[in-house]
Each structure stands twice: as structure tokens, then as C-alpha cells.
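Subject: Structure handover

Hi,

Here is the structure I promised to pass on. My notes follow below it.

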Amino acid sequence: MPSGPDMMLELACGPGPVCGVDEAGRGPWAGPVSAGAVILDPDRVPKGLNDSKKLTAKARAALEEEIKAVAISWSVGMASIEEIAELNILHAAGLAMCRAIEGLSVTPAIALVDGNYRFKLPCPIKTVVKGDSLSCSIAAASILAKEARDRIMVEMDAVYPGYGFAGHKGYHARVHVEGLIKLGPSPIHRLGWAPVKAALAGELTMASIEELLD
């Protein structure tokens with residue numbers, strides 16, 4: 001059995017460029033949501049591609065460089081916290097995907113999109129559940145999306161210290177809860193998220209956070 005994704009789904013799409021698309025950052029309490037779009041050269045597929053969450057930070061960083069060096073085309077799109085608030089996180093992720101595809105230097109004939117939601121994108125799509133574990137193109141897109149977003153959150157840690165953004169990238173962590181309790185939400189927090197709402201109301205405690213996340 002294969003130990004990771006391959007190019008079989010891409011080959012099954014027939015002639016024309018196939019791009020993989022995936023997002024990063026739908027779950028965090030802070031920061032933008034990002035999406036990657038990658039058209040791989042079937043003859044130059046980086047070794048070790050996998051779902052970005054299954055890779056070490058060192059492996060992701062090395063693969064990001066290689067993907068950018070050998071891909072036929074790649075792009076990353078973002079949707080801001082304001083757009084997340086306006087559209088909701090699902091449709092903001094779709095907006096980031098649109099921007100990623102539109103940023104490609106080569107127009108794809110079809111996009112393989114991680115998940116089962118049929119976003120309205122600038123080209124025909126095929127959804128693939130757990131696609132970042134099955135398709136090399138989607139796995140590559142997931143790596144670019146995560147690395148790009150992680151860099152932003154490291155930068156935001158310097159702009160808004162006290163929340164630990166560099167470590168957890170906006171996700172649930174003890175230091176994040178402590179920062180929200182002590183400092184209240186920062187300008188990059190997603191105000192619609194339950195823990196952030198509780199912090200705004202002065203009702204967030206270490207004990208209450210577990211109830212909010214149940």
C-alpha cells in the first residue's frame with residue numbers, strides 16, 4: 001500500500017493542467033485564512049509530500065522551497081479577518097481559494113479541492129475528501145497555505161505580543177487563553193469565535209474555555 005499521496009487523481013483528470021487546492025486556518029481564533037493552489041510537473045514531483053499537518057516544521061519548510069522551485073505554477077491567496085466576519089469562515093476560505101487560483105500563471109483545466117464542499121471557483125473542480133493524503137497536488141497546496149499563514153502569525157506575535165501567536169499560530173493553547181484573559185482580544189482576533197466573544201464580555205476563564213470547546 002502507498003504510504004502517502006500520489007498523482008493518480010491528477011492523471012485521471014485527463015489532458016490539461018490540474019491544480020491542487022487546499023486551505024489552512026479555518027479553525028484558529030485569530031488571523032487570516034489562507035489557501036494554496038499548485039500545478040505540479042508529473043516528472044518533478046517532490047518526494048515526501050503529505051498532508052501538511054503530518055509533517056514536521058523542518059520538512060514543511062524544505063518542501064515549500066522545493067514545491068516553489070519545481071512546480072509548473074503555484075500561488076497562495078488569503079482572506080482577512082474582516083472578510084471572515086463578513087462572509088463566515090467557510091466562504092472566506094472559498095475566497096482565499098479563488099484568489100490562489102487566480103494568482104496562478106497557468107490557467108488550470110480543473111482543480112482538485114480538498115474536502116467535500118463545492119466552492120464556486122474560477123475553473124471546474126473535483127472535491128476530494130482527505131485529498132491532502134491522496135493527491136500530491138493537494139498536499140503541496142496544503143504545505144504552501146500553512147507555511148504562508150504560519151509566517152504571518154509569527155510576524156503578528158511581534159506586533160501583538162502576549163498571546164503566543166508564534167507558537168500556536170492562533171489556535172487553542174494555554175498561553176493564548178491567558179493572553180485573552182489578561183489583554184482582551186487583539187485587532188487580529190476573530191470576534192465571532194466563542195472564546196473571543198467570552199473574552200470581550202470579560203467572561204473567559206481557564207475553566208470556562210473547556211466548556212466552550214466541548
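Buried means under 20% relative accessible area, exposed over 50%, and partly exposed in between, with a 1.4 Å probe and protein chains only.

Some ground rules. This is a predicted model, in which local features need pLDDT of at least 70 and side-chain atom pairs count only at pLDDT 80 or more, while totals for chains, interfaces and linings use all residues. Residues are numbered from 1 along each chain as its sequence is written, and side-chain values use heavy atoms, with hydrogens and water left out.

Ser34
Ser34 sits in strand S2, residues 33-39. Helices (H or I, at least four residues) and strands (E, at least two) are DSSP runs, numbered from the N terminus. A polar atom of the Ser34 side chain lies 2.8 Å from the backbone oxygen of Ala145. That is a polar contact: a pair of N or O atoms within 3.5 Å; within protein, one must be able to donate a hydrogen and the other to accept it, and residues adjacent in sequence count only if both atoms are side-chain atoms. Neighbours within four places in sequence aside, Ser34 is in contact (heavy atoms within 4.5 Å) with several residues, including Asp22, Gly77, Ala96 and Arg149.

Helix H5
H5 covers residues 136-159. Its 24 residues reach 35 Å from first C-alpha to last, close to the 34 Å expected at 1.5 Å a residue. The expected span is 1.5 Å times one less than the number of residues. H5 is mostly covered, with 17 of its 24 residues buried. At its start, a side-chain oxygen of Ser135 comes to within 3.2 Å of the backbone nitrogen of Ser137.

H2 against H5
The axes of H2 (residues 57-70) and H5 come within 9 Å and cross at roughly 115°. Axes are lines fitted to C-alpha atoms, for helices over the stretch in contact, and angles run from 0 to 180 degrees between N-to-C directions. On the H2 side, the residues that meet H5 include Arg60, Leu63 and Ile67. Among their partners in H5 are Ala140, Leu144 and Asp150. By class, this contact of H2 with H5 has six nonpolar, no polar and seven charged residues. Ala, Val, Leu, Ile, Met, Phe, Trp, Tyr, Cys and Pro count as nonpolar, Asp, Glu, Lys and Arg as charged, and the others, Gly among them, as polar.

Helix H4
H4 runs over residues 89-102. Its 14 residues should span 20 Å at 1.5 Å a residue, and the end C-alpha atoms are 20 Å apart, which agrees. Asn88 caps the N-terminal end, with a side-chain oxygen 3.0 Å from the backbone nitrogen of Leu90. Buried residues of H4 include Ile89, Ala96, Met97 and Ile101. The buried set packs against S1, S2, S3, H3 and S4.

Loops
Asp51 is in the loop between S2 and H2. Asp51 is buried, at 7%. A polar atom of its side chain lies 3.0 Å from the backbone nitrogen of Lys53. Lys130 has a positive phi of about 55° although it is not a glycine. Lys130 lies between S5 and H5 and is exposed, at 63%. Lys169 has a positive phi of about 60°, again without being a glycine. Lys169 lies between H6 and H7 and is buried, at 15%.

Best wishes
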